[in-house]
Amino acid sequence: MVGEIILVGLIIIGLVGRSPIIATAACLLLAVKLVHLERFLPAIERRGLEIGLLFLTFSVLAPFASGRIQSKELLAALSSWPGWLALLGGAAATYINGKGLELLKVDPQIIVGLVLGSIVGIVFMRGIPVGPLMAAGITAILYKLFKLVGG
């Protein structure tokens, strides 16, 4: 029963905080629980991140597949400072996401803090949820910095 109450709370927070992704995810998980399909929850937990990354990659690569991005746009992106900065930013983000994935594999219960922190950022800072992977990556970097400073 506690799980259902938390999911309803997340739905409300998602609606109030204008985060349809959190509200939708909580609704779908609540539906899974209410129709007694809990046997699928471990698979969702184990493979959900991979499935989400697959769909995220689909959305990023779709402009290439549809022909909206041509070779001249690629060359233009690589021949300007903003293009080079975007390339550097993309590489840094994927590196940070990789560190986040490592952290989640080593310490999976950290997801609770990541989700709560994301909700706080959405509701009180008007942030946009980019997902637990980037949050875990930033957490991994902060963790290493605190270990360096604190010994």
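**Close-up views of a predicted model**

**View 1. His36 sits in the loop that runs between helix H2 (20-34) and helix H3 (41-66).** Helices here are DSSP runs (H or I, at least four residues), numbered from the N terminus. This is a predicted model, so local features need pLDDT of at least 70 and side-chain atom pairs count only at pLDDT 80 or more, while totals for chains, interfaces and linings use all residues. Residues are numbered from 1 along each chain as its sequence is written, and side-chain values use heavy atoms, with hydrogens and water left out. His36 is not a glycine, yet its phi is positive, about 60°. Most residues other than glycine have a negative phi. With 59% relative accessibility, His36 counts as exposed (buried is under 20% relative accessible area, exposed is over 50%, and partly exposed is in between, with a 1.4 Å probe and protein chains only).

View 2. Just after H1 comes Arg18, with a positive phi of about 55°.

**View 3. Glu4 and Lys33 pair up in a salt bridge, 4.0 Å from N to O.** A salt bridge means a side-chain nitrogen of Lys or Arg within 4 Å of a carboxyl oxygen of Asp or Glu. The two partners are 29 residues apart and link distant parts of the chain, with Glu4 in helix H1 (residues 2-16) and Lys33 in helix H2. Glu4 is buried, at a relative accessible area of 19%. Searching the whole structure turns up 3 salt bridges.

**View 4. Arg47 and Glu50 form a salt bridge with their closest N and O atoms 2.9 Å apart.** About one helical turn separates Glu50 and Arg47, because they are 3 residues apart in helix H3. Both are partly exposed: Glu50 has 45% relative accessibility, and Arg47 has 42%.

**View 5. Lys99 and Glu102 meet through their side chains in a salt bridge (3.7 Å, N to O).** Both residues lie in helix H5 (residues 81-106), 3 residues apart, or about one turn of the helix. Glu102 is partly exposed, with a relative accessible area of 45%.

**View 6. Leu53, Leu56, Val60, Leu61, Phe64, Ile69 and Leu74 make a nonpolar surface patch of about 590 Å².** Patch residues have over 30% relative accessible area and no salt bridge; like charges are joined within 9 Å, and nonpolar side chains (Val, Leu, Ile, Met, Phe, Trp, Tyr) within 5 Å. Areas come from the Shrake-Rupley method with a 1.4 Å probe, and for residues only the protein chains shown count as cover. H3 gives the largest share of the patch, 5 residues. Leu74 belongs to helix H4 (residues 71-78) and, at 42% relative accessibility, counts as partly exposed.

How values were computed. Helices (H or I, at least four residues) and strands (E, at least two) are DSSP runs, numbered from the N terminus.
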